Amino acid sequence: DAHVSFLYFLQRILEERDDIYIFFKPKYNIELIKNFNEIKLIINKLIETKNFYLINQITSKSLISISDLTVSMSFSSPTVEAISSRKKGIYVDLNNNFPNSAYKNINNFVANSIDDAIEKVNYWLLLEKNIFLNQLDKDIKQRLPLTYKNESTEKIRSIIMDNISKEIYTE
């Protein structure tokens, strides 16, 4: 399951790096994890670490604004929200749910394994802001048709769905 894989990825980052703080904002009410034992066990283990925070009462936009890097599961809106706000963001597609995604053509934007995801996290965290903005203007903007003026979530979802639909029809 993609959710379990993503949580294992978060766990591994925290095992390898003590300088990273993870603010985890689940898409759905966290109380729903009670129905999924494996997810519940991993979340509880993560909560026990000093650098993991479970966030419920804050908007993704606010969380993105204070983050050095936004990492989300494959093709959910927070990463594109971050990019549209001229902030760093990556996708983690550990189960390769979208093998033919056009987003995989953007350098260091989509990770397909835990090792790859950790490499990309390290890459983006070390990348200087001016180099990131240059890459955003030269590479990412061509592939993500946004205005980069902090588009609304609805606009971003519509763009993502359009691109996913195009990929399905061109496969």
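## Largest pocket

The lining of the largest pocket comprises 31 nonpolar, 11 polar and 7 charged residues (Ala, Val, Leu, Ile, Met, Phe, Trp, Tyr, Cys and Pro count as nonpolar, Asp, Glu, Lys and Arg as charged, the others, Gly among them, as polar). The model is predicted: local features require pLDDT of at least 70 and side-chain atom pairs pLDDT 80 or more, while totals for chains, interfaces and linings use all residues. Residues are numbered from 1 along each chain as its sequence is written, and side-chain values use heavy atoms, without hydrogens and water.

Of the 49 lining residues, Phe6, Phe24, Lys25, Val71 and Ser72 lie nearest the centre of the pocket. A pocket is an open set of points on a 1 Å grid over the protein atoms alone where a 1.4 Å probe fits, with protein on both sides within 12 Å along at least five of seven lines; lining residues have an atom within 4 Å of a point. Helix 1 supplies the largest share of the lining, 7 residues.

## Helix 5

Helix 5, residues 114–126, is among the elements that each supply at least two residues of that lining. Helices are DSSP runs of H or I with at least four residues, and strands are E runs with at least two, numbered from the N terminus. Within helix 5, Asp116, Ala117, Ile118, Lys120, Val121 and Trp124 are buried (under 20% relative accessible area, 1.4 Å probe, protein chains only).

## Asparagine 51

Asparagine 51 occupies the loop between helix 2 and strand 2 and counts as buried because its relative accessibility is 4%. Its side chain reaches the backbone oxygen of isoleucine 20 at 3.1 Å.

Notes
Buried < 20%, exposed > 50% of the residue type's maximum accessible area, 1.4 Å probe, protein only. Polar contact = N/O pair within 3.5 Å; in protein donor to acceptor, adjacent residues only side chain to side chain.
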